[in-house]
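Subject: Structure handover and notes

Hello,

Here is the structure I said I would pass on.

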Amino acid sequence: MTPPTTTTAQKASKKYIIVTGGVISGIGKGVIASSTGLLLRTMGLTVTAIKIDPYLNIDAGLMSPLDHGEVFVLDDGGEVDLDLGNYERFLDVTLSRENNITTGKIYRDVIEKERKGDYLGKTVQVVPHITDAIQDWVERVAKIPVDESGLEPDVCIVEMGGTVGDIESAPFIEAMRQFQFRVGHENFCLIHVSMVPIVGSVGEQKTKPTQASVRDLRGLGLSPDLIACRSSAQLEKSVQEKISMFCHVPISSVLAVHDCPSVYHVPLLLHQQGLITTISKRLNLAPRETQASVSLFSKWRQLCQRLERLHDIVKIVIVGKYTYLHDSYISVVKSLEHASLSCNRKLKLEWVEASDLEAEMQQTDALKYHDAWKSVCGANGILIPGGFGVRGTEGMILAAKHARENKIPYLGICLGFQIAVIEFARNVCGLEKANSTELDKETPNDVVIFMPEISKTHMGATMRLGSKETIFGKGTEGSTIRRLYNGQETIHERHRHRYEVNPKFVDQLESKGLKFVGRDENDERMIILERDIKEHPYFVAVQFHPEYKTKPLKPIPTFLGFILAAAGLLPEYLESLDPHTKRAKSNLGRYASFDGETPADLVAAMSLNSGAEGEKGVKMVLNAGGKK
């Protein structure tokens, strides 16, 4: 029997959901896109996501965090927009640099083709050559598997960066106008995210900005199927009816997305308003529910309920270089949130600009200096994240010294790892003026040096980037961080750095008690350091960026250990991981996973005191130290 041929309709069966934004930038398109994808996953569908950024940069790697927020790093070394971090966290997928489209990438590819003669002497223009390149890129990337199933995604969500009407966005809007006809109306759904401001003393909700942005979108050839209306308060029914009437969509397609207690509540809010029902009808989506997909929604709802009931506070201070824009460290913040939730602790974050801790600040602004040190001295845990350049590093070194000497849990990431080495070299090993050659080229004790293989002439995409192997050496079986990683011999985490610990100082540092328990595959590059738990409750620093792989239901072991130590729970938790201890079984009741139902005998042993009167809650750690 001859197999049926593949028709054009069958080829175009993939579903595309486009998310655009109007009125203002930073309106929450990324959260709406991620939440939509999460809800589709609860139907058993596989989902991928693409972010379109209309700037001319090839990638986000050379952008200032204070200008554009965090640079998110992917497994393949792609330096991309922070929204891809949202996608990976919400959708539990692994994306590639191809999932981030920029104007720079598109024009580079088109110009390279023109130079090679691929256009056969034609005049190369924005339409059709640039717009075709955009459409081809979206179609190609939408087919790439992104999760453990290895299956081609059913749905591709495309977020359009910027605001409708921006000059730089015009080629992408035009490409999507053409794309709706390429893939077919039944496979193309558009969600427009707009703002409903509240003005005046009576707090009147205004619809004109939304009407204007939808009119602009229609003028460019795209009509929204759903309008997500962002507002600081719940949308009034009359306002929804007005938007429905003047924007030509059913009232069921006007979603009221008011401010929520957290971004984790947004999927629940959209679900309450029938987003999945509307999209399923529009795209003719059939659910393929499995036990995992059904339990996902239950786990997510439980996560939000727990967030609302937390009372025990853990105070963490982030000592950084870019603290004036908190989005510079958004993945660090999310990692702390996920770990705190798993430990049933309410996270209280305080931000300290590293330069405020330095002696010079005491002379120029004594109040700022004392406020900064007051925060550091009152912390349950001190975290020093990544960064570049000399500014504020002496303040970081002082914070690391305070954490080490006063036995305050410390977590250093990338630059924070190097800061811990510099501080220890100066104050414990007695290496005068020890420093990194990045911070002081003339240092007599260069404990941190430029990696020999890194380019000194080009900066873009030339760092040690992406997922790299870290190996725990012999004799590290009792290491705190290795135990948090379930005793694995090898882990894979994402890197982004140009400098490394100088190998010639390693023996001297280790002889004084700074143990490098994790190294690269050649046993040459130092990756993880720690102090023995008998000497310090939690002094851990890592050269990689663990925050890039955190998930709401799967906290990262490095952050989990940090929060447990800050809450005074780490020794008990580590004991619970040991199957040979008599207390292991009873302790497991305090750290139950969301995976499956908790056995009745463990429920009886759990602490059932929750913040809400008359309600019951359980202390849990979610998939702690799961396999990477």
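The notes below go from the whole chain to single residues.

Please keep in mind that this is a predicted model.

Overall make-up

The protein has 23 helices and 23 strands. It has 628 residues, and 57% of them are buried. Among contacts with a separation of 6 or more, 73% are between residues 24 or more positions apart.

Nonpolar cores

The largest nonpolar core has 52 residues, and the members that touch the most others are Ile17, Leu40, Ile157, Ile191, Ile279 and Leu285. Helix H2, residues 29-41, gives this core its largest share, namely six residues. There is also a second, separate core of 45 residues, with Leu357, Tyr369, Ile397 and Leu431 among them. As a general point, nonpolar side chains in soluble globular proteins tend to be buried together.

Beyond the residues up to four places away in sequence, isoleucine 157 touches Ile17, Val19, Ala33, Thr36, Gly37, Leu40, Val47, Thr48, Ala49 and Ile50.

Helix pairs

I looked at two pairs. In the first, H2 and helix H12 (residues 291-309) have axes that come within 8 Å and cross at roughly 135 degrees. H2 and H12 are therefore oblique to each other. On the H2 side the contact uses Leu38, Leu39 and Arg41, and on the H12 side Ser293, Leu296, Phe297 and Trp300. Sorted by class, this contact of H2 with H12 has five nonpolar residues, one polar and one charged.

In the second pair, the axes of helix H5 (residues 103-116) and helix H6 (residues 126-141) come within 10 Å and cross at roughly 115 degrees. At that angle, H5 is roughly perpendicular to H6. The crossing of H5 past H6 is right-handed. From H5, the residues Lys105, Ile106, Tyr107, Asp109 and Val110 meet Val126, His129, Ile130, Ala133, Ile134 and Trp137 of H6. The contact of H5 with H6 consists of eight nonpolar, one polar and two charged residues.

H6 has one further point to check. Proline 128 lies in this helix, and the peptide bond between valine 127 and proline 128 is cis, with omega at about 15 degrees.

An enclosed helix and the residue before it

The buried residues of H20 include Pro557, Phe559, Leu560, Phe562, Ile563 and Leu564. Glycine 568 follows H20 and has a positive phi, near 75 degrees.

Isoleucine 556 sits in the loop between strand E23 (539-542) and H20. Isoleucine 556 has a relative accessibility of 0% and counts as buried.

Glutamate 88 belongs to helix H4 (residues 83-91). Its relative accessible area is 1%, so glutamate 88 is buried. Setting aside neighbours within four places in sequence, glutamate 88 is in contact with Phe72, Leu74, Val93, Thr94, Leu95, Arg494, Tyr548 and Lys551.

Threonine 480 is part of helix H18 (residues 480-484). Threonine 480 is also buried, at a relative accessible area of 5%. With neighbours within four places in sequence left aside, threonine 480 is in contact with Glu530, Ile533, Tyr538, Leu570 and Leu574.

Positive phi in loops

Most residues other than glycine have a negative phi, and most peptide bonds are trans.

Asparagine 284 has a positive phi near 55 degrees and is not a glycine. Asparagine 284 is in the loop between helix H11 (275-283) and H12, and at 67% relative accessibility it counts as exposed.

Lysine 433, likewise not a glycine, has a positive phi of about 55 degrees. Lysine 433 is in the loop between helix H17 (415-427) and strand E16 (435-436). With a relative accessibility of 55%, lysine 433 counts as exposed.

Regards

Key
Residues numbered from 1 in each chain as written. Predicted model: local features only at pLDDT ≥ 70, side-chain atom pairs only at ≥ 80, totals over all residues. Heavy atoms only, no water. Buried < 20%, exposed > 50% of the residue type's maximum accessible area, 1.4 Å probe, protein only. Helix = DSSP H or I, 4+ residues; strand = E, 2+ residues; numbered from the N terminus. Core = buried A, V, L, I, M, F, W, Y, C linked by side-chain atoms within 4.5 Å. Contact = heavy atoms within 4.5 Å. Axes fitted to C-alpha atoms, helices over the stretch in contact; angles between N-to-C directions. Parallel < 35°, antiparallel > 145°, perpendicular 65-115°, else oblique. Left-handed = near helix turned anticlockwise from the far one by under 90°. Nonpolar A, V, L, I, M, F, W, Y, C, P; charged D, E, K, R; others polar.
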